[in-house]
Amino acid sequence: MEDHVLSLLCDPDTRYSLERAGTNLRNTATGRIYPIRDGIPLFVSTLTGPNLKYQTLYDRIAPGYDLAESLYHWIRRKPNYRHEFLSELEIKPQATVLEVSVGTGANLRFLPHDITFYGIDISWGMLRKCERNLLKWRRKAHLFQAEAERLPFKVGAFDCVFHAGGINYFTDKARAIKEMVWVAKPGTKIVIVDEIERTVRDSSQRSPILRESFPVRSDKVRCPIEFVPPEMKDVSAREICGGKFYCLTFRKP
Ligand SMILES: C[S@@+](CC[C@H](N)C(=O)[O-])C[C@H]1O[C@@H](n2cnc3c(N)ncnc32)[C@H](O)[C@@H]1O
């Protein structure tokens with residue numbers, strides 16, 4: 001791991017700095033060890049509730065995730081919706097960018113080449129798929145297995161912080177938003193996007209695993225605007241992509 005990456009990292013629980021310890025990372029104050037597996041530091045704690053459920057689910061669907069997404073857009077003749085929400089990001093030249101819940105890395109393809117890109121995800125399967133995609137696309141990223149609710153980065157580490165497509169099912173949305181604020185530099189616009197509601201009408205057309213994991217809801221999934229800390233500036237929530245997603249944005253003072 002390069003020095004500039006290590007200098008941004010901290011223990012997600014105590015916030016103390018980390019140092020190299022053989023093939024692991026070690027908390028400089030408590031001595032707690034965080035292993036590195038296949039080049040990816042592991043920060044995930046013992047999971048419970050929705051986080052455990054969705055980690056298991058995404059590990060299972062990771063190998064076919066990209067193909068399923070492409071087929072979905074092809075069958076429904078939907079344009080790729082990523083341009084619309086990624087245009088919300090404010091990315092200066094050579095910015096240090098964090099995607100919380102990076103998945104298979106699909107958003108990176110639409111971002112400039114001169115950035116330093118960091119991605120965290122709770123699912124090892126999705127991170128491994130992301131690594132393979134990076135090789136295919138000849139892009140570089142620093143990946144970490146971590147929960148959105150416990151980010152392993154120092155205060156003000158990033159010029160740009162965004163999240164797309166997971167927060168509706170996080171165990172603790174308020175804490176995840178607090179963490180995104182913590183790791184952003186002052187003045188940073190934070191962008192959070194997720195689906196407003198599941199639009200599949202006939203649930204019998206869905207595979208049992210999807211039916212059980214993403215139940216079709218009659219109530220609208222609500223944008224988590226109530227968890228944005230009151231001191232944030234320029235808070236805005238609106239529907240994008242023809243009403244399929246909400247886009248919540250705000251600026252760290
Ligand atoms: C629908 S995918 C979106 C991936 C990517 N952001 C994209 O736009 O393609 C949701 C991702 O959120 C991750 N995830 C779910 N809960 C999480 C949590 N608590 N912390 C971090 N990642 C989480 C899943 O593993 C999955 O990769």
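For a chain of 253 residues, a compact globule would have a radius of gyration near 18 Å, and the chain agrees with this because its own value is 18 Å; the radius is taken over C-alpha atoms, and the globule rule is 2.2 Å times the number of residues to the power 0.38. This is a predicted model, in which local features need pLDDT of at least 70 and side-chain atom pairs count only at pLDDT 80 or more, while totals for chains, interfaces and linings use all residues. Residues are numbered from 1 along each chain as its sequence is written.

Along the principal axes, the C-alpha atoms fill a box of roughly 55 × 40 × 35 Å. Buried residues (20 or more other C-beta atoms within 10 Å of their own, with C-beta atoms placed from the backbone) make up 33% of the 253 residues.

Two residues are in contact if their C-beta atoms, placed from the backbone, lie within 7 Å, and the table gives such partners for two residues, leaving aside neighbours within four places in sequence.

| Residue | Contact partners (C-beta atoms within 7 Å) |
|---|---|
| Val161 | Leu98, Val100, Met180, Val183, Ala184, Thr188, Ile190 |
| Tyr34 | Leu18, Asn24, Leu25, Pro41, Leu42, Phe43 |

Val161 is one of the residues that touch the most other members of the largest nonpolar core, which has 54 residues; such a core is a set of buried Ala, Val, Leu, Ile, Met, Phe, Trp, Tyr and Cys residues joined through C-beta atoms within 7 Å. Tyr34 is buried, with 21 other C-beta atoms within 10 Å, and the C-alpha atoms of Tyr34 and Ala21, 13 residues apart along the chain, are separated by 9.3 Å.

Technical notes. A residue is buried if 20 or more other C-beta atoms lie within 10 Å of its own, exposed if 12 or fewer, and partly exposed in between; C-beta atoms are placed from the backbone.
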